[in-house]
Amino acid sequence: MAIEYRAERRTLTLLTDGSAYQMQLGALGYLLHLYYGPRCGDDLDYLHLPRDCGFSPNPHELTEGRGFSLDTLPQEYSGSNGADFRLPSVALETAAGVVGADLHVKSWEIRPGKYALAGLPASFAAEDEAETLAVTLSDEASGLEVELLYGVFPARDVITRAARIRNAGSERVTLRKAASACLDLPFGRWDFISFHGRHAMERQLERAPVRYGLQSAASRRGTSSHHNDPFTILCAHDATEDHGACYGLMPVYSGSHRTDVELDQGGSVRAVAGINPDGFSWRLLPGEAFETPELILAFSDEGLTGLSHRLHRFLRRNLIRGGEKQKRLPVLLNSWEACYFGVDEARMLALARGAKELGAGMLVLDDGWFANRFDDRRALGDWTVNREKFPGGLAGLHAKLEQEGMAFGLWVEPEMVSEDSALFRAHPDWALRVPGRPPALGRDQLVLDLGREEVAEYLHETLAALLRESGVCYVKWDMNRSICDVYSAALPPERQGEAAHRYMLGLYRLLDRLTGEFPEVLFEGCSGGGGRFDAGILAWCPQIWLSDDTDPIARLSIQQGASYGYPVAAVGAHVSASPNHQTGRTTPLGTRCTVAMAGSFGFELDPASLSEAEKAELCSQTAFFLRCRETIHNGLFYRLCAEDEAFTAWQFVAEDGHEALLTLVLKNPEANPAPLHLRLKGLDPAARYRLSDCAFFGCRNTPAALPRAEYSGAALLHAGLTLPQLLGDYPSARLLFEKL
Ligand code: DGJ
């Protein structure tokens, strides 16, 4: 039983193998949060003693003293405009002007299996893998009912949450905020970890103690954004990679989001996460319901690595659909950095032949193949192949690629429209724009109103025809601007606050339909790199292009940042040319491979620019990646050092432990350096390991060979390993240990 009710103390406990989450059907009908942490086998209401706190109001019904206040007690889903002055989870107003909600428990129920959400991406479970707790709260004054949904995955140490909000009254209600969940941590000292960034420099980790007042990680861009990953962590102030309590909060959502964290007067921390309430509203007529996106909550008391492992496994097994396609996917070469808009059939065939020499098995035709798309100022929306560039059409190119023994993949950017396009000329009102105001252009393009039925229908038909015609087995689904001027010509004035979320629902439905109808095609997400790298998109796209910055040194912090929440297999990463097109930095070929290997591993360069020796090196790197792909993608990932060290080292351990791959990149070579020493992780201390592959790349010196070919697991774990001195610009090392 993953969910226990104990009548004596009226507690409901959600149990996973390594955690317990407890709430209480508390006094006066309030649903109180009691605890989330390691399992304790007890009722934990004794922790929350009556407390008369100045300026914290008491419920009218309280008969004795002033010790009970919503302002001081931990809650499961906070109301608004009531006695709790901390972060609200739900905010609303009724036609009669009633503002806010005071939520009391109406009923609760334990259900087998995992709840589902209509129209939203959500985790899934086999029948016996999860249980659902549904607690219905109601607000008398507005007639609102909130069904709190908890999915409990015992073997994953994961609890998912969502709220189904229903207007059970007789008047309309307008939601102003509808968070997915609220998490109160009443005791302890906590740090907040978030991942900020910008285009081409996403997912930079920031860790700071939670301070009094508010801090947030949010996006108002209509996408999860390059700027603030929706995934955040609350961890014990002294938590490290290997020790301490860590909570991961991962919204399964790709639009504007916000996670607020507040430290209150009594030292209690509250996190509230979900759709960004800025600009959001949703009108509910009597009987109508609104479902919030899901929030994945994971707990680890084994530090940040333990948290990452739980989330990686959960996302791979219980969220991402079609991940097994990655195992069959050939290594690809993408045309973008090789020729940008200068694509045509002859160049693609030349790229394909070159790609084959690198061991790649698929050519991806990126931007520039359709209509008059000679640059990024025109043609988005006109998804017909340019016959001057591709006389045989996409089917013709596919046939020729097949003759070369290469698979075919295609880039599209369906959510967008250029003003200079036949589509825009025919349907100017299909673009989001505020009447009477010229819309802001992003990369010279506008955003289609995907919340509109006919727009989504048109895109579905167009894309389905394109996929059938081209016969591709891979699609790169791009999205290259932030969304502003949000106004839908199809919605009445009082529903304009719904447009941004309706856009997301339209996008999800489109992805759901297409991935269902083309089950063999692997869809890779992209938004100018990592502008929409999130759990919502991952539900349909097993991998997402992580960043438009392909510089391997810049990628170290971007990929490491992503690794806290997202599995390695989800990370789109390619080997590109040097000097790098984004940073101008020169790096060794082997180091570029070492970094791209911690992801999907592909190419983003013109093989014709490579020497024969470089081609041979890339071919052997491809073979090595394919040899280790299962361990890299589906094993356990370890970060071996902090951001501020001179090197970055990562380790991948096969899920069954039979091998471990260690990679290291030197960011700052120093004169007369201290020994390069590391302790490995995740090995079997009782086993012996043979160093079956050891390679150094980009060194100016000849690194000394490692003195031993065999080590005990305990030695590598506790005493560690010393690597030889590596000199040069960004050298790297790759070591494979096989368990004997
Ligand atoms: C942005 C993507 O991130 C790039 O990889 C490339 O596909 C371009 N768009 C094409 O316009």
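Visitor: At what angle do helix H10 and helix H11 pack, and is that roughly parallel or roughly antiparallel?
Guide: In this predicted model, helix H10 covers residues 552-563 and helix H11 covers residues 589-596, and their axes lie 10 Å apart. The angle at which H10 and H11 pack is about 15 degrees. Angles under 35 degrees count as roughly parallel, which means that H10 is to be described, relative to H11, as roughly parallel.

Visitor: Which residues of H11 make the contact with H10, and what is the handedness of the crossing?
Guide: On the H10 side the contact is made by Pro552, Ile553, Arg555, Leu556 and Gln559, and on the H11 side by Thr591, Arg592 and Val595. By class, this contact of H10 with H11 has four nonpolar, two polar and two charged residues. The crossing of H10 and H11 is left-handed.

Visitor: Which bond joins Ser578 and Pro579, and where is Pro579 found?
Guide: Pro579 is found in the loop between strand E30, which spans 574-576, and H11. For the bond joining Ser578 and Pro579, omega is about 0 degrees, and this is a cis peptide bond.

Visitor: How many degrees is the angle between H7 and helix H8, and what is the handedness of their crossing?
Guide: Helix H8 comprises residues 499-517, and its axis is 10 Å from that of H7, with an angle of about 25 degrees between the two. That angle makes H7 roughly parallel to H8. As for handedness, H7 passes H8 in a crossing that is right-handed.

Visitor: Which residues of H8 take part in the contact with H7, and how do the residues of the contact divide by class?
Guide: From H7, the contact is made by Ala456, Glu457, Leu459, His460, Leu463 and Ala464, while H8 contributes Leu510, Arg513, Leu514 and Glu517. Divided by class, the residues of the contact of H7 with H8 are six nonpolar, one polar and three charged.

Visitor: How many residues surround the ligand, and which are the closest?
Guide: The ligand is surrounded by 13 residues. The closest of these are Asp366, Asp367, Lys476, Asp478 and Asp548.

Visitor: How many Å from an oxygen atom of the ligand does a polar side-chain atom of Trp411 lie?
Guide: For Asp366, an N or O atom in the side chain is 2.8 Å from an oxygen atom of the ligand, and for Asp367 a polar side-chain atom lies 2.6 Å from an oxygen atom of the ligand. For Trp411, the distance from a polar side-chain atom to an oxygen atom of the ligand is 3.1 Å.

Visitor: What is the phi of Ala200, and what is the phi of Ser225?
Guide: Ala200 has its place in the loop between strand E11 (190-198) and strand E12 (201-209), whereas Ser225 is in the loop between strand E13 (213-218) and strand E14 (232-236). Ala200 is not a glycine, yet its phi is positive, at about 65 degrees. Ser225, also a residue other than glycine, has a positive phi near 85 degrees.

How values were computed: Residues are numbered from 1 along each chain as its sequence is written. This is a predicted model: local features need pLDDT of at least 70, side-chain atom pairs count only at pLDDT 80 or more; totals for chains, interfaces and linings use all residues. Side-chain values use heavy atoms; hydrogens and water are left out. Axes are lines fitted to C-alpha atoms, for helices over the stretch in contact, and angles run from 0 to 180 degrees between N-to-C directions. Helices (H or I, at least four residues) and strands (E, at least two) are DSSP runs, numbered from the N terminus. Angles under 35 degrees count as roughly parallel, over 145 as roughly antiparallel, 65 to 115 as roughly perpendicular and the rest as oblique. A crossing is left-handed if the near helix is turned anticlockwise from the far one by less than a right angle, and right-handed if clockwise. Contact means heavy atoms within 4.5 Å. Ala, Val, Leu, Ile, Met, Phe, Trp, Tyr, Cys and Pro count as nonpolar, Asp, Glu, Lys and Arg as charged, and the others, Gly among them, as polar. A residue is near a molecule or strand if one of its heavy atoms lies within 4 Å of it. A polar contact is a pair of N or O atoms within 3.5 Å; within protein, one must be able to donate a hydrogen and the other to accept it, and residues adjacent in sequence count only if both atoms are side-chain atoms.
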